Amino acid sequence: MSDVALQPLTIVEIQRRVGDELDRIGSVIDELGTLFADAGEELALVGGPVRDAMIGRLQNDLDFTTSAHPDVTERLVSGWADAVWDMGRDFGTIGCRKGPWQVEITTYRSESYDASSRKPDVDFGDSLEGDLGRRDFTVNSMAVRVPSREFVDPFGGIVDLAERVLRTPGAPEDSFSDDPLRMMRAARFSAQLGFTVAPDVVEAMTAMAGRIEIISAERVRDELVKLVCAPHPRLGLTLLVDTGLASYVLPELPALALERDEHHRHKDVYEHTLTVLEQSIELEHRLGGGPDFVSRFAALMHDVGKPRTRRFEPGGVVTFHHHDVVGAKLTRKRMQALRFSNHDIDAVSRLVELHLRFHGYGSGEWTDSAVRRYVRDAGDQLERLHILTRADCTTRNQRKADRLRRTYDSLEERIARLSEEEELASIRPDLDGNQIMEVLGIGPGREVGEAYRHLLELRMDEGPMSREAAEAALRAWWAARQG
């Protein structure tokens with residue numbers, strides 16, 4: 001589904017747009033439709049491409065459904081397509097490429113999960129209407145028969161698209177029982193297009209939230225990534241929390257809705273977190289690309305250590321000491337459970353662990369050594385750490401917010417100056433391992449590593465040293481160690 005918020009459309013506008021888009025791709029859909037019709041088979045453009053054609057955002061990926069079984073489909077397209085591949089014969093899908101078009105053709109089908117299975121049972125269907133009825137939402141249950149271009153919409157998807165509402169073709173309980181991941185998709189689509197989810201769908205999601213546990217971690221992860229990277233992730237995340245789904249897929253998020261203490265001395269951590277996420281998105285342009293999952297997920301997880309570390313002190317003071325360290329461990333554990341890559345786990349966890357470091361900067365009291373350590377510890381996540389630290393300011397006190405912004409501006413300026421002078425991003429000792437062994441007259445071993453770390457600490461504290469000064473410092477350290 002497109003990652004751009006959908007503006008309200010009338011049905012007349014939708015019909016005009018879909019006609020224009022079908023004309024634009026007429027060469028491929030008409031040729032392919034005729035190919036199947038001549039063989040006595042049905043073929044229809046279906047699902048996401050039809051929906052995207054209606055909002056004028058049809059891409060080069062085209063999904064079709066057909067009465068033909070996979071072997072027949074493969075035979076029919078082999079002489080027409082530039083390339084053909086087996087995308088999932090057991091699931092009825094054959095893929096091919098024709099010029100710029102990437103095509104997937106799937107046999108009419110039905111699928112469902114039993115009470116304990118993580119994989120769907122797939123059966124081939126015998127009609128287009130039956131195939132549409134098994135799909136997730138009405139806006140994805142529309143089709144265009146080809147080559148006749150007959151529009152098929154048995155469940156009123158065009159009206160729901162115009163009204164920006166997510167409904168299921170049949171009873172939502174049946175839909176979610178067949179594939180519980182559709183509950184996650186409802187939240188994701190809401191975040192991507194700003195759709196409202198129909199009340200009966202929300203009710204079914206709430207009642208059936210526990211069914212999500214039969215879905216593999218990888219599939220849940222993929223939906224969560226799409227949701228977090230959508231234009232309006234707050235909408236989807238709020239739906240996950242309100243329906244109870246988040247308690248199964250990301251329990252650290254609803255746990256942030258702490259009960260406020262009687263003196264109301266600390267912020268609503270859950271609302272604060274969603275605001276930090278939105279503010280980090282506003283700063284994402286600093287990374288130079290599109291939606292950045294690592295930056296966004298770090299914002300979402302940065303305070304997850306607070307529930308574990310909350311303490312009530314005398315006078316109604318609430319503290320969260322070491323929530324950064326605890327939060328980093330919880331983040332790592334959750335991301336491992338969701339089967340994220342080690343790269344993403346390390347990046348997000350590091351950001352969570354470092355998100356409070358700036359607050360020791362005060363009004364600029366850090367030495368150059370402390371600035372160097374800040375850069376070294378952030379490593380390749382420095383720019384994302386800048387974003388997270390700035391986004392973490394959600395105070396309504398404008399004077400305080402301005403002061404924090406100016407202070408961080410100052411820190412970034414110091415980092416830039418030192419980086420230009422010293423190449424901070426690649427800080428190393430002034431002597432490498434071979435030079436250390438040469439100066440001390442020793443071979444490889446533990447002592448070389450200890451000497452290297454000592455020189456690195458000197459480099460962080462004092463900045464670059466000449467070769468002679470570094471050798472003198474190394475000899476002094478060695479002599480003291482030997483004594």
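1. Basis. Residues are numbered from 1 along each chain as its sequence is written, and side-chain values use heavy atoms, with hydrogens and water left out. Because the model is predicted, local features need pLDDT of at least 70 and side-chain atom pairs count only at pLDDT 80 or more, while totals for chains, interfaces and linings use all residues.

2. The chain as a whole. The chain holds 23 helices and 13 strands; these are DSSP runs numbered from the N terminus, helices being H or I of at least four residues and strands E of at least two. The C-alpha trace spans about 90 × 60 × 45 Å along its principal axes. Of the 483 residues, 50% count as buried, where buried means under 20% relative accessible area, exposed over 50% and partly exposed in between (1.4 Å probe, protein chains only). Among contacts (heavy atoms within 4.5 Å) with a separation of 6 or more, 67% come from residues 24 or more positions apart.

3. Helices α8 and α10. The axes of α8 (residues 181-193) and α10 (residues 217-228) come within 8 Å and cross at roughly 10°. Axes are lines fitted to C-alpha atoms, for helices over the stretch in contact, and angles run from 0 to 180 degrees between N-to-C directions. The two helices are therefore roughly parallel (angles under 35 degrees; over 145 is roughly antiparallel, 65 to 115 roughly perpendicular, and the rest oblique). Their crossing is left-handed, that is, the near helix is turned anticlockwise from the far one by less than a right angle, whereas clockwise would be right-handed. On the α8 side the contact is made by L181, M184, R185, A187, R188, A191 and Q192, and on the α10 side by R219, V220, E223, L224, K226 and L227. These residues divide into 7 nonpolar, 1 polar and 5 charged; Ala, Val, Leu, Ile, Met, Phe, Trp, Tyr, Cys and Pro count as nonpolar, Asp, Glu, Lys and Arg as charged, and the others, Gly among them, as polar.

4. Helices α13 and α14. Helix α13 (residues 269-282) packs on α14 at an angle of about 160°, with the axes 8 Å apart. That makes the pair roughly antiparallel. The crossing is right-handed. T273, L274, V276, L277, S280 and I281 of α13 meet S295, R296, A299 and L300 of α14, a set of 6 nonpolar, 3 polar and 1 charged.

5. R296. This residue lies in helix α14 (residues 293-301) and counts as buried because its relative accessibility is 4%. Its side chain makes a polar contact of 2.8 Å with the side chain of E284. A polar contact is a pair of N or O atoms within 3.5 Å; within protein, one must be able to donate a hydrogen and the other to accept it, and residues adjacent in sequence count only if both atoms are side-chain atoms. Not counting residues up to four places away in sequence, R296 also touches residues including V228, C229, A230 and P233.

6. T138. This residue sits in the loop between α5 (128-133) and β8 (143-145) and is buried, at 2% relative accessible area. A polar contact of 2.6 Å joins its side chain to that of D160. P169 is 31 residues away along the chain, yet its C-alpha atom is 5.2 Å from that of T138.

7. L338. The loop between α16 (323-337) and α17 (342-354) holds L338, which is buried at 6% relative accessibility. Beyond four places in sequence, L338 touches A217, V220, R221, L224 and V249.
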